[in-house]
Amino acid sequence: MQPSLSLQRENHLLLTLAGIQFINILDFMIMMPLGPILMSSFDMNTHEFGLLVSSYSFSSALSGLLAATFVDRFERKRLLLSVSILFGLSTLACGLAPGYSTLIVARGLAGVFGGIMGAMVQTIVGDVIPFERRAHASGVVSTAFSISTVAGVPLSLWLANHVGWRVPFILIAGLAVLFVLIGLRILPELRQHISTNRRDHPFAAMFTVLRDINHQHALLFSALIIFAGFTVIPYITLYAVSNVGISQHDIPFVYLAGGAVTLISARRIGRWADLHGKVKVYRLVAAAALLPLFAVSQIGIVPLWLWLICTTTFFVLVSGRMIPAMAIVTSAAQPKLRGTFMSLNATMQSFAMGLATTLSGFIITQDGAGKIVGYATVGYIAMTANVLAILFVSRIVMHHQK
């Protein structure tokens, strides 16, 4: 049995995990709005910048695959905090990078350790939080996305514009140190999953996970969800400026509005999922997400206030799907193999993210007037993947025990 925590300690645990997830998400998100500054600083073209962004996702996918061979052999707290330290050092290297080659290597390393961090955060939630509160716990951890959107990205952009692009990375590295120190005090030791049986080879746990048909369903479901979002997400800002007529100076309002509302909605969606059923609430939120997926990829020139309604609804519903979905995916794992399973899940999500971004990049073009062409097609692809995920979720069996 895993340790039973008081509600107060449980809340402290979740806030600590949310803090660790915050620096992980912020490190990933900050690259896209920093694009123009980095391209100017390193004199890189769009292809080189795309490679810089994708290096994080593909490195994260590779690390998740490698981590699946060993994560369930180590105590959870020590592994998470050790990886967080390495993540902080990699992010610091990004901020100190003297050239493009150094920066892309540092981004790759940050992706390696960031992928393991994300998997371990979800694994600990699954290990410690009882099934009946797991969606609420996912909602609390998911506030990391909201806070990074409403505070982290705008602050980082302000620092980049007024002090220099290196400062946001140095700040994230400092926050990594802070949350490692907090984690040393707050996180419980978790070693009940460690098996005393000797394994035949390092891939034994991975093969055991992949042989389970329920695990296969959960991994495919997780990939569909990510694919549906990231066909559209990386190009929203470009489409807003080029086609919708939104000023580049007004883009921070998109993050502020969307992040502020999801800060409230994420926890409520989590509570509703625990009260009314994780699958039921997932289907409702995912079905509702079809509307903003359609709107942001089809809309023409509109005033800022209407675009903010569209994008804020997008933030709430498209990211809101992930709250019951992650509770479902985490609960699909056999408890003793949860670390391996979640590492493979991180791999699937990162590959789906990279595939979605790459596919959209091939479809989307710019015409002679600078307008984005093909974004509507991308929207239809995202909606199709979202519908497939809604239909597929019924195939997943959840383990109600810890």
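Author: Gladly. Helices (H or I, at least four residues) and strands (E, at least two) are DSSP runs, numbered from the N terminus. On that basis the secondary structure of the protein chain comes to 16 helices and two strands. The model is predicted, with local features needing pLDDT of at least 70 and side-chain atom pairs counting only at pLDDT 80 or more, while totals for chains, interfaces and linings use all residues. Residues are numbered from 1 along each chain as its sequence is written, and side-chain values use heavy atoms, with hydrogens and water left out.

Reader: What makes Ala110 count as buried?

Author: Buried means under 20% relative accessible area, exposed means over 50%, and partly exposed lies in between (1.4 Å probe, protein chains only). Ala110 has 0% relative accessibility, so Ala110 counts as buried. This residue is found in helix H5 (residues 100-128).

Reader: Which residues does Ala110 touch, not counting residues up to four places away in sequence?

Author: Contact means heavy atoms within 4.5 Å. With that sequence limit, Ala110 touches Asp27, Tyr56, Phe87, Ser90 and Thr91. As for Ser84, Ala110 is 26 residues away in sequence and 9.9 Å away in space, C-alpha to C-alpha.

Reader: How many residues of helix H14 are buried?

Author: Helix H14 (residues 322-332) has eleven of its eleven residues buried, hence the description "mostly covered". Among them are Met322, Pro324, Ala325, Ile328 and Thr330. For the protein chain, 58% of the 402 residues count as buried.

Reader: Why is H4 called roughly antiparallel to H7?

Author: Two packed helices are described by the angle between their axes and the distance between the axes. Axes are lines fitted to C-alpha atoms, for helices over the stretch in contact, and angles run from 0 to 180 degrees between N-to-C directions. Helix H4 (residues 76-96) and helix H7 (residues 166-186) pack at about 165°, with their axes 8 Å apart. That makes H4 roughly antiparallel to H7. The scale is this: angles under 35 degrees count as roughly parallel, over 145 as roughly antiparallel, 65 to 115 as roughly perpendicular and the rest as oblique.

Reader: Which residues make the contact between H4 and H7?

Author: The H4 side includes Leu81, Ser84, Phe87 and Gly88, and the H7 side includes Phe169, Ala173 and Val180. By class, this contact has 13 nonpolar, five polar and two charged residues. Ala, Val, Leu, Ile, Met, Phe, Trp, Tyr, Cys and Pro count as nonpolar, Asp, Glu, Lys and Arg as charged, and the others, Gly among them, as polar.

Reader: What makes H11 and H12 oblique to each other?

Author: The axes of helix H11 (residues 251-276) and helix H12 (residues 278-298) come within 6 Å and cross at roughly 135°. H11 and H12 are therefore oblique to each other. Their contact involves Ile269, Trp272, Ala273, Asp274 and His276 of H11, and Lys278, Lys280, Val281 and Val285 of H12. Five of these residues are nonpolar, one is polar and three are charged.

Reader: What is the relation of H9 to H16?

Author: Helix H9 (residues 213-230) and helix H16 (residues 375-392) have axes that come within 8 Å and cross at roughly 155°. That makes H9 roughly antiparallel to H16. The contact residues include Phe221 and Ile225 of H9, together with Ala385 and Ala389 of H16. The contact has twelve nonpolar, two polar and no charged residues.

Reader: Which residues have the most contacts inside the largest nonpolar core?

Author: A nonpolar core is a set of buried Ala, Val, Leu, Ile, Met, Phe, Trp, Tyr and Cys residues joined through side-chain atoms within 4.5 Å. The largest has 127 residues, and those with the most contacts inside it are Phe221, Tyr282 and Trp307. H5 gives the most to this core, with 13 residues.
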